[in-house]
Amino acid sequence: MGIEHWMYTLPLRLRSLFRRERVEAELDEEMRYHLDRLIEANVAAGMSEEEARFAALRAMHGLEQRKEECRDMRRVRVIENLSQDFRFALRMMMKNPLFTVVVVVTLALSLSATTVVFSVVNALLLRSLPYNNADQLVMLWSVFKSNNKAYASVANFREWQERNNSFQSLAACDMLKLNLTGTDRPEVVDVALVSANLFSLLGVQPERGRSFQPEEEQPGNNHVVVISNSLWQSRFGADANVLGRTFQLDGDSYTVIGVMPPGFSYPEKIDLWLPLSFLPEELADRGYNHLLVVGRLKPGVELRQAQAEMSALADTQARQYPNENAGRGMRLLTFQDNLVGDIRMALWVLTGAVFFVLLIACANVANLLMARATTRQKEIAIRIGVGASRGRLIQQLLTESLLLSMLGALLGLLLTKGGIQILKSFGPANIPRLNEVAIDARVLAFTLGVSLLTAIIFGLKPALQTTRPDINEWLKDGQRTSTAGSGFERVRNWLVVTEVALALILLIGAGLLIKSFMRLWQVEPGFNPNNVLTMSISPSPPKYNSQADVAALCRRLLDQLKTTPNVEAVGVVNQLPFSGRNLGLNFTIVGQPPTRPEDTASANYRLISPGYLQALTIPLKRGRDFNEHDTRESPPVALINEALAKRYFPNEDPIGKQLNVEGQQAPREIIGIIGDLKQIKLDGEVRPEIYVPFLQFTVFSMSLVVRTSSDPSSLTSSILQQISRVDPDQPVFRVKTMDQYLGESMGPRRLSTTLLGAFAAFALLLAAIGVYSVMNYLVSQRRHEIGIRMALGASQREILKLVVGQGMWISLLGIGFGIAAALLLTRIMTSLLYGITPSDPLTYIANSLMLLAVALLACLIPARRAMSVDPIIALRYQ
Amino acid sequence: MSKPTDLVQGTLDLLILKILALEPLHGWAIGQRLKQVSGETLQVSDGSLYPALHKLEQEGWIKAEWKPSENNRRAKFYTLTRPGRKQLEQETANWNRLSAAISLIVQLKEV
């Protein structure tokens, strides 16, 4: 069919659709012309006028049928019917505004819940990352002991680079904070030191200027910087001549060579990138594992192959360098998996949950449609009686469903927009890509598809039921409504059973999550997080050039803060609990060298000041705390936690024993044992820990911990004032209460728990409406019967029992199915639970009872109506 | 009255196209021409002509135009279009193949 074909036919189709009256008139005229000529001919042949007309009509074999055949040739029948059906459906909807509103709102709420969850799934799991061929990008994690996302050492990384066949290229990053000066105000910036090839590996180039050259990885050539778009805007006022400008980072001067495009930030939120360069003595270092390694697979190389190759390489390295590499493995993760690994499960559970909600909503709407169908049964029976085909009737009924679900989808999309806004502003910041959630083409297509499907799910059964062929029986039956409804009643009862079952699954799922959440909140982190304010500093050259300088600054800060009103205790530490940062080091016990290299013990390593334990109220179990006299001049000492004591000194007293810590010359004497505390998350394990006095060992980035006697956030400004009194040029960052850190660590869990809880509540409401509408309908259908019963002396109590009994029977059946299904389904979410089994009996019983209670309530209203039936009126009504 | 021979499926289309290839005609005239040419052998019922015409029009093979007719009333005249001419060639070829094959079979000698 060429264009020429459409040239002739398209205008005809349009004409048939939009000039229908004209086309009809022409059809009429054409047929009349023929008829008249036929009559003329007949008259000419000698017939009377009347005979001639009659014969002519007979020759046409039914004028109207012929016309109908001609209309069928127009090929726009489907559209014509559809528009007719839509007009009819609209009229029906306007006639029953309450029905329409209830259905549309039910659908809108459930469709928008579904769409919100899908848009999150879309942004986090389906939409590819903003890199060229993002599926080739892989993170290479060193696996070490329980840490399956450990960083790599310089020498290991360089060997991976040289000895692999799977990757086009590998790049390394190291992240740190530096003080930026030389523009208007001092500021701490997030810096990534990156291999020169990182940007080309990711497939992202600077928007202005250039990225790094390989020779800029050489020490001495490396004072060039690529800045992020947001830093360019905030610090340089989007200056078009920014290239070539210089500024100071920790006292060294750097020249801007490039500005990245907006939105680009890698590996996390980064303000600027510097070339990663290694001093000659660093090149062979395997002891310090600090590099994040990324790679781009060669085309055609599968992740599995690369994983196999790199694992083999890691094994070789472990044999070659047992001292540093024994026990190290390799774990390859795609960028996508690396980003959303932990929340993938929660997302799928939520997706399942919203589909359950949607199904319940469908069941409810189907229920309402059925209830209405009974009142329309007579209309439909008559239509069938006069020859309407079943298919045509089903098409019309489905059109009504479609219109309802489209309206629901439209309203639902508006709600979705709001829902996404709420999610973005209240959602936890530590869920990756949450800010990218939006209604895009895929989400729109999804909503459209789901609402179409929904219309079929909730509309088909009522349509089939209403138009079933034995409908004529109904006509004979006259107004005896009770028998005709029996088929409906059965279907509707089963719908409600399904609703109750689905709602119970959701309630139990949500109940399990809520209980886990509460259990988790009750977990003692090992310290008291209330009333603790924390902040970080990163003292840097030229003002602070040595460990001693930093230690001196910390000492002055501690002294200053101690005297601040409402401050109960202060301390410093290199890494705060729950800040997401954790330094682990290997150690050996003096006198007990490990028999095999892979037995090397590792522990969290913390540098603290006297007062840190008090500030976080970490209990000192035995021995003594650090004091002002534990300095560089005094013997090296350490505190250990109980976990380390239990594991490495099971049958002896650790106090007085000595530890050799990785990278330190002299052994440290254990002088005390402190309580265990969680460092990463509440449901994490407790690791062995070693604490060292900061006066003996300091790093350049420290956090202050201040215990206050009242709400710490109200003291923030006065504490910051005290700090600036010590050094007005020292920027302070990450000012947060300990409670905030704890809350953030629970953020994703809180979100999924809240969402599932909300879905379950909505499901409960829908199920209650379902039970109510079925019982209400039942009562109105059985009015007559109830009247007779009462006339025969049934008490109100018995009537109540009749109605409530039926409702409870339906609910109990639903609860039975729900429990069975929940036992199977909740197993999937085991990894999301904490301190509770997926078949926790209490959760099952409590939720079943709650559902039963709600169902009972939903039955009571119709039951009261039944009790108030006046037998005389009910009987006369017949 | 013997029933007119039922037309082989689709043959009516061919006949209409062929007749319209000669000159534009309205429905009544097409019917008359059919009777005239085939000499009562092929009788197309007055009614069934129009659905066929409308179908051909919707296919784009013929196009319609209202013009005054021989009795001074306006009538709907149908004309063959370019795609229609192509269709006619194709259907004519089909018909020749089909009828040749059928007559071959019919002429088989019974032994």
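**Before you start**

Residues are numbered from 1 along each chain as its sequence is written, chains are lettered from A, and ligands are numbered from 1 in the order in which they are written. Because the model is predicted, local features need pLDDT of at least 70 and side-chain atom pairs count only at pLDDT 80 or more, while totals for chains, interfaces and linings use all residues.

**Stop 1: all of chain A**

Select chain A. Its C-alpha trace spans about 135 × 80 × 55 Å along the principal axes. The radius of gyration of chain A, taken over C-alpha atoms, is 38 Å. A compact globule of 878 residues would be near 29 Å, by the rule of 2.2 Å times the number of residues to the power 0.38.

Now colour by secondary structure. Chain A holds 27 helices and 23 strands. These are DSSP runs, numbered from the N terminus: helices are H or I with at least four residues, strands are E with at least two.

Next, colour by domain. The bounds come from an automatic or database domain assignment. Chain A is divided as follows:

- domain 1: 3-75
- domain 2: 79-131 + 342-478
- domain 3: 146-326
- domain 4: 485-524 + 746-878
- domain 5: 539-730

Pick domain 2 and domain 5 of chain A. Their centres, taken over C-alpha atoms, are separated by 59 Å.

How much of chain A is buried? Buried residues make up 39% of its 878 residues. A residue is buried if 20 or more other C-beta atoms lie within 10 Å of its own, exposed if 12 or fewer, and partly exposed in between, with C-beta atoms placed from the backbone.

**Stop 2: helix α2 of chain A**

Select residues 20-44 of chain A. This is helix α2, with 25 residues. The expected span of a helix is 1.5 Å times one less than its number of residues. For α2(A) that gives 36 Å, and its end C-alpha atoms are 36 Å apart, which agrees.

Show the side chains of A:E30, A:M31, A:H34, A:R37 and A:L38. These are the buried residues of α2(A). An α-helix has 3.6 residues a turn, so residues three or four places apart point the same way. The buried residues of α2(A) pack against α3 (49-59) and α4 (63-72) of chain A, and against α2, α3 and β3 of chain B.

Step past the helix to A:G46. This glycine follows α2(A) and has a positive phi, near 110°.

Then go to A:R58, in helix α3 of chain A. Buried or exposed? A:R58 counts as exposed, because it has 11 C-beta neighbours inside 10 Å.

**Stop 3: where chain B touches chain A**

Show both chains. Two residues are in contact if their C-beta atoms, placed from the backbone, lie within 7 Å. The contact takes 22 residues from chain A and 19 residues from chain B. On the chain B side, α2 (27-38), α3 (49-59), β3 (74-80) and α4 (82-106) each supply at least two residues. The largest share, six residues, comes from α3(B). By class, this side of chain B has five nonpolar, seven polar and seven charged residues. Ala, Val, Leu, Ile, Met, Phe, Trp, Tyr, Cys and Pro count as nonpolar, Asp, Glu, Lys and Arg as charged, and the others, Gly among them, as polar.

**Stop 4: the sheet of chain B**

Stay in chain B and show its strands. An open sheet of three strands runs in the order β1-β3-β2, with antiparallel pairing. Two strands pair if DSSP finds at least two bridges between them. β1 (25-26) and β2 (62-68) are the edge strands, each pairing on one side only. Seven bridges join β2(B) to β3(B). Select B:A64 to find one bridge: its partner in β3(B) is B:Y78.

**Stop 5: A:L272 and its surroundings**

Return to chain A and select A:L272, in strand β10 (residues 272-275). A:L272 counts as buried, because it has 24 C-beta neighbours inside 10 Å. Leaving aside neighbours within four places in sequence, its contacts include A:V189, A:V225 and A:I227.

**Stop 6**

Most residues other than glycine have a negative phi, and most peptide bonds are trans. Look at three loops of chain A.

- A:P267 sits between β9 (252-259) and β10. The peptide bond from A:Y266 to A:P267 is cis, with omega near 0°.
- A:N566 lies between α18 (547-562) and β14 (567-573). Its phi is positive, near 70°. With 16 C-beta neighbours inside 10 Å, A:N566 counts as partly exposed.
- A:F578 lies between β14 and β15 (584-589). Its phi is positive, about 65°. With 26 C-beta neighbours inside 10 Å, A:F578 counts as buried.
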